[in-house]
Amino acid sequence: MKVLVLNNAAPFIRGGAEELADHLVARLGRLRGVEAELLRLPFNWNPAERLIEEIVLHRQFRLSNVDRVIALKFPAYLVPHKRKTLWLLHQFRQAYDLYREGHTHLGFDERGRELVQAIRAADGLCFAESQKIFVNSPVTQKRLKTFNDVDSRVLYPPLNDPELFVGEAYGDYVFAGGRLGPAKRQHLLVRAMAKAPKGLRLVVAGPPDTPDYAAELQAIVRELDLADRVELRFGFRDRQEIAALARQALACAYLPVDEDSLGYVTMEAFGASRAVITTTDSGGLLEIVIDGETGRVVAPEVEPLTEALADLWNDRARTERMGAAGHAILAAKKLTWDDTLKQLLG
C-alpha cells in the first residue's frame, strides 16, 4: 500500500506539525507492506486575495499512484483523493475563531466576508469527501463542530521519540523550547526572570519566527541585565539537544496563545517528569497542565509568571511531585504509534 501524507509548507518555518509529519511518514514506512512519502505543498496566505488561488490550486491538484492519503492542514487537505483520511491539526483559523474575535487579515468588509465563505465552503467539500476525520485534540474537535457542524474523533499525536525524554537529576533552570515568537510569548518569561530567585536560570531554545523577535529577546536581556541568568539558543535544535535540556531542567515553560493541542513542549516535559508553567489562555495544554498538580497555570503577565518561577524554585520537592504527576497523566493516555497508525489506516 502506498500512503501519501499531505502537509503545507511555509519555507524555512518548522514547528510541531512538521515534526509530526516527518515522524508519521517514518513510522508508516516501518510497517510491512507500506510505502510512505510526505508531500509538502507551498502555501502563501498573503495578501488575503491569494487564498482564493490557493484553494483553486489545491482543489485542481491530482494524485496518481497513491492508494491512501493522510492529510493534516489547510490547504493541503483540500487535495482530492477517493481514499483520504484527515488528521486535522488545525484549519485556517483566520476564517473561524480568529475571525470571530477580530484577529484576522481577511478584512471585515464585503470582500472579507466573501473570503471567509470561500474558505469555509472549500473546507465543507473536503470534509464531506473524506472517509475519516480525526482531530489532534478536544479543542480542535469543538471548533470543527461549532463552525462546520462536522463530527470527528480525537486522535492525540504520540510523543515522537519517548525514549529520549527520560528524566535525569533536576537542574537549576527552566527550559522554554519550541518555536520562538509573539504567539509563544517567550518575552514574558524573560521579563519575569528579572525578579525571579537569583539562583534560577532560564534557557530559551528554538527557531525564531522572525529576526525581529530574536532581537527583541536579546534587547530585553540587555535591558534587564540578565545575561548571566538567561541563555538564548536561537535556531533549529536537534532532538538530542532538546531532550537533554528537558531531562535536566528543574521545570519547563510553554506560553502559547490558545494552542490547538497538548503541545509537544508539554508532552516532552511530562515525558521527562518535569512540571510545566503555562497560562490561563494557553488552550489545549490546560487539559493536562493543572495548576498546583502538574505545574503552574497563571495569568499571561510578568508578575504572576515571576511568582510561579519562585514557587517552583523555593519548593523543589513539590515541583518534582508535580512533574511526576504530569508524567502519570501523559502515561495514562497510552499514546502509542502502533495504535495511532492502526486507527489512521483502519
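Predicted model: local features only at pLDDT ≥ 70, side-chain atom pairs only at ≥ 80, totals over all residues.
1. Strands of a sheet pair through backbone hydrogen bonds, in either a parallel or an antiparallel sense.

2. Strand S1 (residues 2-9) runs parallel to strand S3 (residues 68-73) and is joined to S3 by four bridges. Within this pairing, Leu-6 stands opposite Ala-71 of S3. S4 and S5 also pair in the parallel sense, over four bridges, and Leu-86 has Ile-133 in S5 as its bridge partner. Between S5 and S6, which run parallel, there are two bridges. Here the partner of Phe-134 is Arg-153 in S6.

3. Another open sheet of six strands, with parallel pairing, has the order S9-S8-S7-S10-S11-S12. Strand S9 (230-234) and strand S12 (295-298) each have a single partner strand, so one side of each is left without a neighbour in the sheet. On average, and ignoring direction, neighbouring strands of this sheet are turned by 20° against each other.

4. Strand S7 (residues 173-177) and strand S8 (residues 201-206) run parallel and are joined by five bridges. Val-174 stands opposite Leu-202 in S8. Helix H9 (residues 264-271) lies across S7, strand S10 (251-253) and strand S11 (276-279), and runs at about 155° to S11.

5. A helix pair. Two packed helices are described by the angle between their axes and the distance between the axes. For helix H1 (residues 16-29) and helix H12 (residues 337-345), the axes come within 11 Å and cross at roughly 85°. H1 and H12 are therefore roughly perpendicular to each other. On the H1 side the contact involves Leu-20, His-23, Leu-24, Arg-27 and Leu-28, which meet Trp-337, Leu-341, Leu-344 and Leu-345 in H12. By class, this contact has seven nonpolar residues, one polar and one charged.

6. The cavity. Searching the whole structure gives one cavity of 30 Å³ or more. The volume of the largest cavity is about 30 Å³. Its lining is made up of Ala-176, Gly-177, Lys-184, Gln-186, Leu-189, Ala-253, Tyr-254 and Leu-255. S7 and helix H6 (186-192) each supply at least two residues of this lining. By class, the lining divides into five nonpolar residues, two polar and one charged.

7. H11 provides the largest share, three residues. The lining of the second largest pocket has ten nonpolar residues, three polar and two charged.

8. Backbone details to check. Most residues other than glycine have a negative phi, and most peptide bonds are trans. The following places depart from that pattern. The peptide bond from Asn-46 to Pro-47 is cis, with omega near -5°, and Pro-47 is found in the loop between S2 and helix H2 (50-60). The bond from Phe-74 to Pro-75 is likewise cis, with omega near -5°; Pro-75 is placed in the loop between S3 and S4. Asp-258 is not a glycine, yet it has a positive phi of about 50°. The loop that holds Asp-258 runs between S10 and H9.

How values were computed
Residues numbered from 1 in each chain as written. Heavy atoms only, no water. Pairing = 2+ DSSP bridges. Axes fitted to C-alpha atoms, helices over the stretch in contact; angles between N-to-C directions. Contact = heavy atoms within 4.5 Å. 1 Å grid on protein atoms, 1.4 Å probe; cavity = no way out; pocket = protein on both sides within 12 Å on 5 of 7 lines; lining within 4 Å. Points joined across faces, edges and corners; volume = space filled by probe spheres on them. Nonpolar A, V, L, I, M, F, W, Y, C, P; charged D, E, K, R; others polar. Parallel < 35°, antiparallel > 145°, perpendicular 65-115°, else oblique.
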